[in-house]
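Subject: Structure handover

Hi,

Here is the structure for you to look over. My notes on what was found follow below it.

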Amino acid sequence: QAQLVESGGGSVQAGGSLTLSCVVHTYLVSTHCMAWFRGAPGKEREKVASIDIDGSASYADSVKGRFIVSKDNDKDTLYLHMSSLRPEDAAMYYCAGPPRNYPGTCSSRAVNEYPYWGQGTQVTVSS
């Protein structure tokens, strides 16, 4: 069974909205921070947002005010609500989890510090 499973990607026009979901099978979302990344082939993945155990969220400057990260502890599911989408937001979006039992924040963890990844969900934005 895949450990992190994303869904919700699709094609939208600029200015539109999408909500991505990530079901986490690896461990409890209530006891681990989680993050969303995006990337294009051949490019390093960029952290978009993260959410800590207490629900505190952090965002890349490029998405602040447009994206909202949230989680449902009962469902072990992470969400990314994206609005006012731009063509430059088009990418494969991935959810990522830190090492098991990591108690800290995800806000400062780099891409190579996440051992758990989903398969990604594609977002396309047309102008």
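First, a term: a salt bridge is a side-chain nitrogen of Lys or Arg within 4 Å of a carboxyl oxygen of Asp or Glu. By that definition, R38, E46, R66 and D89 are linked in a network of salt bridges.

Two notes on the source. This is a predicted model, in which local features need pLDDT of at least 70 and side-chain atom pairs count only at pLDDT 80 or more, while totals for chains, interfaces and linings use all residues. Residues are numbered from 1 along each chain as its sequence is written, and side-chain values use heavy atoms, with hydrogens and water left out.

Salt bridges

The structure holds four of them. Burial terms come in here: buried is under 20% relative accessible area, exposed is over 50%, and partly exposed lies in between (1.4 Å probe, protein chains only).

- E46 pairs with R38, with the closest N and O atoms 2.8 Å apart. E46 is partly exposed, because its relative accessibility is 33%. R38 has 7%, so it counts as buried.
- R66 pairs with D89 at 2.7 Å, N to O. This pair links distant parts of the chain, 23 residues apart. R66 sits in the loop between β6 (57-59) and β7, and D89 in the loop between β8 and β9. Strands are DSSP runs of E, at least two residues long, numbered from the N terminus. R66 is buried because its relative accessibility is 7%. D89 is buried too, with a relative accessible area of 1%.
- K64 pairs with D61, the closest N and O atoms being 3.1 Å apart. Both K64 and D61 are exposed.

Nonpolar cores

A nonpolar core is a set of buried Ala, Val, Leu, Ile, Met, Phe, Trp, Tyr and Cys residues joined through side-chain atoms within 4.5 Å. The largest one has 27 residues. Which of them touch the most other members? They are W36, V48, F67, L78, L80, M82 and Y93.

Seven strands each supply at least two residues of this core: β3 (18-24), β4 (34-39), β5 (46-51), β7 (67-72), β8 (77-82), β9 (91-97) and β11 (121-126). The largest share, four residues, comes from β3.

A second, separate core has six residues, including C33, F37, C106 and Y114.

F67

Contact means heavy atoms within 4.5 Å. Leaving aside neighbours within four places in sequence, F67 is in contact with R38, V48, Y59, L80, H81, M82, S83, L85, D89 and Y93.

Best wishes
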